[in-house]
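Trainee: Could we go through this structure together?
Mentor: Gladly! Have a look, and then ask away.

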Amino acid sequence: MNEAGVDRMFHALADSTRRDIVRRAVTGDLSVSRLAEGYAMSFAAVQKHIAVLEKVGLVTKKRRGREYLVSTDPDALVLARLALDQLEEAWRGRVDRMADLLAETAPPEQRTPTKGQDR
Amino acid sequence: MTVTSVDKNYDDLTLTLIADFSAPIDRVWQLWADPRQLERWWGPPTYPATFEQHDLTPGGTVSYYMTSPEGEKFPGWWRIVAVTPEESLELLDGFSDENGNPKDDMPVTTMRMQLTTTDTGTRMALHSVFASREQMDQLIQMGMDEGLAQAVGQIDDILATSASRQQA
């Protein structure tokens, strides 16, 4: 996928309803109408969101009987981004907690800078 | 700011994070070496970690579980690849079944941690690698499907940030 493609994909994901649809459609067994039940908006509005996601290739629709099932089909680059962003968030949280622990347990003499360069 | 830099390589599936702490190197090492301190920062407050086994020697095993707000336990393991006390640690990090046995079909990540003394305290360099794209996909799906750890709660923010960065 080229850069313009990535831009379009992230634009499609800039909307919280569409992100939620991408998440819920991971299992691939929800129909358009089942998905639409979860949102306080018209069926047509939800259909429109799904169409945006479909256009950039984040979800696919397949016919089953009288309805369409929606399933998430994200690009590898998007997945890589999600995975590494999740990991980054987890580590930022860990580093914050580490710093808190260090501050909490540092003996007083370690807290006082010897050369007075502390704020 | 404690986190000095974060580099993510979307092709190699690696994350490199540099953090600077205003504490001496032996003190920072204790955060890893003492399981009682480790469990105060490894898991998020909503999913606290409990370490049962903690053998920081080459080939050694560390076992832990994280507990969800509903009381459900998510066990995990570390296999220590290399360790130099007060300096560096390399390990594999994976998931276990309810009996604490490693699950072979679950994703494994490799993590390297290096400590160095700086003018203001200690620098921690952390390098984390997904074993494969398939394993990475699996972690994402778990995050999406099961709400594992804090992944789901934060995905909106992450996506929103990524999206706004893209638009900027």
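Mentor: First, a definition we will need: two residues are in contact if their C-beta atoms, placed from the backbone, lie within 7 Å. Keep in mind that this is a predicted model.

Trainee: Thanks! What share of the contacts in chain B with a separation of 6 or more comes from residues 24 or more positions apart?
Mentor: Start with the elements of chain B, which run β-β-α-α-β-β-β-β-β-β-α-α from the N terminus. That gives four helices and eight strands. Among contacts in chain B with a separation of 6 or more, the share from residues 24 or more positions apart is 34%.

Trainee: In chain A, which residue takes a positive phi near 60° in the hairpin of β2(A) and β3(A)?
Mentor: Strand β2 (residues 59-64) and β3 of chain A pair in the antiparallel sense over six bridges, and Thr60(A) stands opposite Ser71(A) there. The hairpin has two residues between its strands, and the one with the positive phi near 60° is Gly65(A).

Trainee: Which element gives the largest share of the largest nonpolar core?
Mentor: That core has 32 residues, and Met98(A), Leu102(A), Phe21(B), Val28(B), Leu31(B) and Trp41(B) touch the most other members. Elements supplying at least two residues each include β2 and α1 of chain B. The largest share, eight residues, comes from α5(A).

Notes
Residues numbered from 1 in each chain as written. Chains lettered and ligands numbered in written order. Predicted model: local features only at pLDDT ≥ 70, side-chain atom pairs only at ≥ 80, totals over all residues. Pairing = 2+ DSSP bridges. Core = buried A, V, L, I, M, F, W, Y, C linked by C-beta atoms within 7 Å. Buried ≥ 20, exposed ≤ 12 C-beta atoms within 10 Å, placed from the backbone.
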